[in-house]
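Colleague: Could you take me through this model? I would like to go from the side chains to the sheet.

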Amino acid sequence: MVKVIIGGQKHLSIPNLPRNSRHTLIRPKPFPAGRYPIEKIWYPLGSFIAWQPLWGRYQAIHSFNRILYTNKPWFVTFEDHRLLYRNPQNQQEAVIYELLNNRLALDNCQKIIAISDYAKLRLTKRIEGWKIEKRINNKLDVIHPSFPVRVDSFKRYQEQQNLQFVFIGNHFARKGGIVALRLAKKAEKLSLPITIHIISGLEYGSGVPTDFPERSRYVEDLKLLNLNNVVFHKNIPNEKVIELLSQSHFQLMATLHDTYGYSIIEGFSVATPAITTNVCALPEFLRHGENGYILELPINEIRHWSNWLHGEKTKTDEYWDIVNSTYDYLAEQALQQIIKFLDRTDKPEHYEYLSAGALAQAQNVHNSEKQNELFDNLYAAAGVY
């Protein structure tokens with residue numbers, strides 16, 4: 001049995017660790033104490049893991065979105081290269097980042113784990129031409145996030161029931177909540193038999209990627225939460241989220257940017273297909289017409305929405321016109337896909353095919369029982385390093 005320190009970003013670690021490991025996983029208390037981010041002291045420190053001293057023996061470390069300075073065997077899991085490699089702002093930072101970069105090439109860094117082919121692409125493009133490129137690529141693998149598979153059969157389709165959709169996401173605009181509301185408005189005008197459930201803390205505007213920073217621009221859209229075909233749940237416990245996913249026909253996540261999309265996999269674990277976009281990692285596990293539907297956005301060579309503006313440009317009327325028209329475009333795409341589905345003469349058979357495809361994806365690629373063994377074998381090998 002190996003004792004493994006778990007460090008770094010907790011939100012990433014939960015779906016990317018063994019759920020029932022035969023080893024001992026230890027998560028030390030963060031240092032400094034409390035919730036104050038260490039990078040506030042000095043930005044490059046955000047690439048390190050700092051914890052309160054642990055005097056017991058341990059054999060390996062598994063970090064998440066952080067590079068380690070250690071002599072122990074260690075692994076790193078990441079979702080986007082930007083969380084490993086930050087652009088230096090001055091010579092001091094450049095020295096720190098070169099030190100961090102080179103640590104990934106050392107022998108005791110035993111595995112660099114990308115959570116998707118998208119993440120792997122981002123890293124390999126970032127290190128092109130580096131002296132350590134070959135050494136890093138040789139230990140770079142993709143291991144997809146995993147969740148418990150909660151059902152053993154696909155869903156049956158009941159035609160007399162309203163078509164139930166669920167949107168999940170605290171970053172409301174970025175993940176597609178505005179699209180969901182505009183879809184509800186369009187569906188109500190056409191008297192379509194659909195209900196859209198919204199689960200969100202309604203975070204939007206300044207500080208959220210892809211959002212227009214001025215919150216007042218979203219006021220009219222948020223009034224649509226009161227539509228008769230919308231049910232707003234705000235934040236609810238995860239078991240209630242899973243229950244709602246299991247009761248819904250589709251998950252709707254018309255996102256403009258998402259490094260993965262964990263809620264879609266959780267939906268797959270209860271055989272719920274999804275409607276989402278073609279950005280980042282999403283097309284790696286959602287296939288149009290097999291386990292859901294994909295809404296097409298223009299994307300660039302790194303799979304990002306190509307109309308996305310950054311920095312000061314996000315504050316311009318031009319950018320609002322871009323995001324506003326994109327929300328409308330996605331809502332109309334989703335509406336047409338739903339109408340097409342409702343018009344099918346083989347709705348029950350087709351829906352059950354999509355549901356079976358969603359469940360198969362969860363069972364074959366995102367199954368926590370299978371990933372458990374994979375990680376346990378990695379930890380066991382590290383214990384004899």
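**A charge over a ring**

Modeller: Lys 72 lies over the face of Tyr 58, 5.0 Å from the ring centre, where a charge counts as over a ring if NZ of Lys or CZ of Arg is within 6 Å of the ring centre and within 35 degrees of the ring normal. This is a predicted model, in which local features need pLDDT of at least 70 and side-chain atom pairs count only at pLDDT 80 or more, while totals for chains, interfaces and linings use all residues. Residues are numbered from 1 along each chain as its sequence is written, and side-chain values use heavy atoms, with hydrogens and water left out.

Colleague: And which ring does Arg 215 lie over?

Modeller: Arg 215 lies over the face of Tyr 204, at 3.9 Å from the ring centre.

Colleague: Changing topic, how many residues has the largest nonpolar core?

Modeller: The largest nonpolar core has 83 residues, and those with the most contacts inside it include Leu 163, Phe 250 and Tyr 327. Such a core is a set of buried Ala, Val, Leu, Ile, Met, Phe, Trp, Tyr and Cys residues joined through side-chain atoms within 4.5 Å, buried being under 20% relative accessible area, exposed over 50% and partly exposed in between, with a 1.4 Å probe and protein chains only. Helix H11 (residues 317–342) gives the largest share of this core, 12 residues; helices (H or I, at least four residues) and strands (E, at least two) are DSSP runs numbered from the N terminus.

Colleague: What about aromatic pairs, how many are there?

Modeller: A search of the whole structure finds 17 aromatic pairs, meaning rings of Phe, Tyr and Trp (its six-membered ring) with centres within 6.5 Å, where planes under 30 degrees apart count as stacked, over 60 as edge-to-face and the rest as tilted. The rings of Tyr 218 and Tyr 327 have centres 6.2 Å apart and planes at 50 degrees, so this pair is tilted. Tyr 218 lies in the loop between E8 and helix H7 (219–222) and Tyr 327 in helix H11, so the pair ties together parts 109 residues apart in sequence.

Colleague: Are those two buried or exposed?

Modeller: Both Tyr 218 and Tyr 327 are buried.

Colleague: Now the sheet: in what order do its strands run?

Modeller: The open sheet has 6 strands in the order E9-E8-E7-E10-E11-E12, with parallel pairing, and two strands pair if DSSP finds at least two bridges between them. Its edge strands are E9 (230–232) and E12 (292–295), each pairing on one side only.
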